[in-house]
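Please look over the sequence and the structure shown here before reading on.

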Amino acid sequence: MKIETKQLIEIAGITGVIASLIFVGMQLRQDRRVAIASQYSARAESVKADYRTRLESDSFISARSTQWENGRREDWWTEVDEQRVQDSGISWEELVALQLDGKLALIQFDNLYFQYTQGLLSKEFWVGARESLKNALRSPATAAFWSNHEPRIPIMNMFDELIAEIESGN
């Protein structure tokens with residue numbers, strides 16, 4: 001009977017060591033995801049800081065709006081977009097500011113999407129953010145602007161799905 005007790009204790013010990021190693025492995029994987037997500041978030045904040053600097057720069061806004069006034073347009077720009085701007089009565093400066101604001105929002109959504117794919121945001125939170133993104137994509141100008149953003153970022157792979165949902169009435 002002593003041997004059976006000793007064997008049970010050894011089995012329990014081995015099981016404890018294995019469980020500890022599994023836990024440590026899971027913790028390391030989670031820590032790695034958090035570190036990668038932190039780096040991604042830091043890069044996103046750096047890009048957003050660049051856009052904010054441009055947004056606050058009168059010389060950038062002026063130079064960019066002069067390009068628009070002189071007919072330089074993005075490849076995705078359509079006659080419908082042109083008419084919409086003319087009908088709205090906004091200035092070229094306001095258009096440039098709106099585009100920079102759109103880029104800031106896009107980078108923020110992309111960061112949230114990445115955090116979600118890493119398992120760091122709750123599904124409930126992401127569902128709300130996804131719905132906000134879908135609502136933003138209901139605007140053809142926003143959909144065109146975001147879909148043609150360079151460089152490509154991970155969330156852009158979701159745009160086709162959301163736009164298809166919008167077009168199907170969902």
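The points below take up a pair of helices, a residue between them, a neighbouring helix and two further leucines.

The model described here is a predicted one. A pair of packed helices is described by the angle between their axes and the distance between those axes. In this model, the axes of helix α5, which covers residues 123-137, and helix α7, which covers residues 156-167, come within 10 Å and cross at roughly 70°.

**How α5 meets α7**

- Because angles of 65 to 115 degrees count as roughly perpendicular, α5 is described as roughly perpendicular to α7.
- The crossing in which α5 passes α7 is right-handed.
- On the α5 side the contact is made by Trp126, Arg130, Leu133, Lys134 and Leu137, while α7 contributes Met158, Phe159, Glu161, Leu162, Glu165 and Ile166.
- Sorted by class, this contact of α5 with α7 has seven nonpolar residues and four charged residues, with no polar ones.

**Arginine 130**

- Arginine 130 lies in helix α5, and because its relative accessible area is 16%, arginine 130 counts as buried.
- Leaving aside neighbours within four places in sequence, arginine 130 is in contact with Met158, Glu161, Leu162 and Glu165.
- With glutamate 165 there is also a polar contact, side chain to side chain, at 2.7 Å.

**Helix α6**

- Helix α6 runs over residues 140-147, and within this helix Ala143, Ala144, Phe145 and Trp146 are buried.
- These buried residues of α6 pack against α5 and α7, and also against α4, which spans 92-117.

**Leucine 120**

- Leucine 120 sits in the loop between α4 and α5, and because its relative accessibility is 28%, leucine 120 counts as partly exposed.
- When neighbours within four places in sequence are left aside, leucine 120 is in contact with Gln30, Arg33, Val34, Ala37 and Gln115.
- Leucine 120 and glutamine 99 are 21 residues apart along the chain, and their C-alpha atoms are separated by 29 Å.

**Leucine 8**

- Leucine 8 belongs to helix α1, which extends over residues 2-56, and because its relative accessible area is 60%, leucine 8 is exposed.
- From leucine 8 to serine 139 the separation is 131 residues in sequence, and in space the two are 67 Å apart, taken from C-alpha to C-alpha.

How values were computed. Residues numbered from 1 in each chain as written. Predicted model: local features only at pLDDT ≥ 70, side-chain atom pairs only at ≥ 80, totals over all residues. Heavy atoms only, no water. Axes fitted to C-alpha atoms, helices over the stretch in contact; angles between N-to-C directions. Helix = DSSP H or I, 4+ residues; strand = E, 2+ residues; numbered from the N terminus. Parallel < 35°, antiparallel > 145°, perpendicular 65-115°, else oblique. Left-handed = near helix turned anticlockwise from the far one by under 90°. Contact = heavy atoms within 4.5 Å. Nonpolar A, V, L, I, M, F, W, Y, C, P; charged D, E, K, R; others polar. Buried < 20%, exposed > 50% of the residue type's maximum accessible area, 1.4 Å probe, protein only. Polar contact = N/O pair within 3.5 Å; in protein donor to acceptor, adjacent residues only side chain to side chain.
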